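Open the model in your viewer and keep the selection tool at hand. We will go from stop to stop, and each stop tells you what to select.

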Amino acid sequence: MQKLIAVLGPTAVGKTDTAIFLAEKFNGELISADSVQVYKGLDIISGKDLPAGRQGLPVSSKFKLQKKDGPYSIGYYLFEHILIYLLDVVKPSYSFNVSDFIAFGQKFLEQILEKEKLPIIVGGTGFYVKGLLDGIDTSPVPIDENLRNKLKNFDVLSLQKFLLKENKKKFDSMNNSDRNNPRRLIRAIEIASKIKNFKLASPAGRLKIKNDERKEYDILMIGLKCEREELKKRIDSRVDKRLKLGAIDEAKVLFKNYEKLSEQVKNANGYRQLFEYLKNEVSLDRAIQKWKIAEYHYSKNQMTWFDADRRIQWFDIGKKDFRKNLVKEVHAWYNKDI
RNA sequence: GCUGCGGUGACGGAGUGGUCAAUCGUAACAGACUGUAAAUCUGUCGCCCGUUGGGGCUACGGAGGUUCGAAUCCUCCCCGCAGCA
């Protein structure tokens with residue numbers, strides 16, 4: 001079976017750093033799984049950091065791999081001799097989503113494997129990683145802008161009623177949290193209204209992916225974590241550092257075309273708060289404070305997500321021999337059936 | 001010094017005699033998640049006991065008082081802000 005590594009964990013634990021380290025040791029290439037770093041022009045605030053000690057490498061070291069029509073132009077970063085895919089994929093106006101990510105991810109995964117290199121997926125967007133590795137079964141139903149616009153103004157109760165009418169089974173299968181989540185309700189309605197056109201529809205209102213359509217990989221999932229207070233400190237200093245690097249200027253540039261920005265960009269950590277500042281809604285200090293808090297929340301949510309995946313093997317970055325142990329672990333896995 | 005307004009749970013801020021351990025927002029904590037996922041949503045949130053119903057204790061600046069009953073009314077004191085001196 002073909003091998004692949006995933007380096008996961010909350011923001012600011014040093015995933016990229018570790019992944020590059022592993023790539024060098026095991027002849028690998030990286031695939032970034034980050035819902036914000038896919039955007040061009042979102043560099044400083046989104047934290048497209050170079051590994052520690054290698055700062056200063058110009059962005060011009062980015063190559064265009066190929067151009068496609070549509071909003072995409074898939075590029076990759078080169079950090080010394082290590083390639084990182086799926087950074088700077090789309091314009092800030094494009095509404096990027098899992099489906100896009102999976103399409104590109106699979107493509108690059110195969111490409112790296114063909115070169116007989118080790119693919120290393122790095123990223124904090126758990127849903128993307130899951131989508132790429134495990135697949136998601138609703139992918140055949142595309143977004144219906146017209147329907148969404150119509151549903152946008154419905155309140156939760158109306159959406160629930162609508163879904164109940166369209167597909168009761170789906171509604172019944174949702175938990176309380178999701179039933180109160182307009183976004184989930186709208187997507188469920190979207191699927192329900194289209195589902196009759198898809199022969200793969202299952203009774204529960206989901207779409208199945210046939211097992212043989214998915215390739216099986218030998219995956220080593222590495223989780224990076226650290227003590228919470230320590231993580232908060234790391235987040236604080238990262239934010240401060242980004243501010244020094246020109247975060248506000250970066251926000252200003254994007255702010256010029258604010259109306260055109262996708263929701264993803266408008267709401268991304270740091271951007272959202274800095275935009276509030278640029279809109280004169282909050283002071284700069286308050287915006288920075290809110291940015292940090294948003295990062296805390298984000299890291300917490302990531303931990304909740306990753307904790308639920310029992311396949312992940314955790315490493316505490318605070319432990320002294322963390323890297324040594326990590327390499328030992330990866331070696332054992334890499335050589336186990338050779 | 002006088003006058004006016006105000007002091008509420010970690011913070012902001014409702015409540016102006018009983019249905020108040022006290023709306024709501026934030027923070028905090030826990031969780032969910034199958035096409036916006038750095039998004040969105042859910043739960044908990046004074047302390048103690050109980051598996052639930054529930055029970056007990058301490059609380060609305062402080063001390064007294066009125067009342068069957070007070071965060072809410074009265075008196076005095078302390079503190080903050082505004083205006084007048």
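In which hand, left or right, does α2 cross α3? Hold that thought while you set up the view. This is a predicted model.

**The whole chain**

Start with chain A on display. It has 14 helices and 8 strands. The chain runs to 338 residues, and 33% of them count as buried. Take the contacts between residues at least 6 apart in sequence: 74% of these join residues at least 24 apart.

**First stop: α2 and α3**

Select residues 98–114 for helix α2 and residues 126–134 for helix α3. Their axes come within 9 Å and cross at roughly 50°. Angles from 65 to 115 degrees count as roughly perpendicular and those under 35 as roughly parallel. The two helices are therefore oblique to each other. Now the opening question: α2 passes α3 in a right-handed crossing.

Next, show the side chains at the contact. From α2, pick Val-98, Phe-101, Ile-102, Gly-105 and Gln-106. From α3, pick Phe-127, Tyr-128, Gly-131 and Leu-132. Colour them by type. You will find 6 nonpolar residues, 3 polar ones and no charged ones.

**Second stop: Val-129**

Stay in helix α3 and select Val-129. Is Val-129 buried or exposed? A residue is buried if 20 or more other C-beta atoms lie within 10 Å of its own. Val-129 has 25 within that distance, so it is buried.

Now draw a distance from Val-129 to Val-98. These two are 31 residues apart along the chain, and their C-alpha atoms are separated by 9.1 Å. Then select the contacts of Val-129, leaving aside its neighbours within four places in sequence. They are Ala-6, Leu-8, Ala-33, Ile-121 and Gly-123.

Move to residues 247–255, helix α10. Select Ala-247, Glu-250, Ala-251 and Leu-254, which are buried. Turn the view until you look down the axis of α10. The buried residues fall within an arc of 100°, so they line one face of the helix.

Show α9 (228–245), α11 (263–267) and α12 (271–278). The buried residues of α10 pack against these three helices.

Conventions. Residues numbered from 1 in each chain as written. Chains lettered and ligands numbered in written order. Predicted model: local features only at pLDDT ≥ 70, side-chain atom pairs only at ≥ 80, totals over all residues. Axes fitted to C-alpha atoms, helices over the stretch in contact; angles between N-to-C directions. Helix = DSSP H or I, 4+ residues; strand = E, 2+ residues; numbered from the N terminus. Parallel < 35°, antiparallel > 145°, perpendicular 65-115°, else oblique. Left-handed = near helix turned anticlockwise from the far one by under 90°. Contact = placed C-beta atoms within 7 Å. Nonpolar A, V, L, I, M, F, W, Y, C, P; charged D, E, K, R; others polar. Buried ≥ 20, exposed ≤ 12 C-beta atoms within 10 Å, placed from the backbone. Arc of directions from axis to C-beta.
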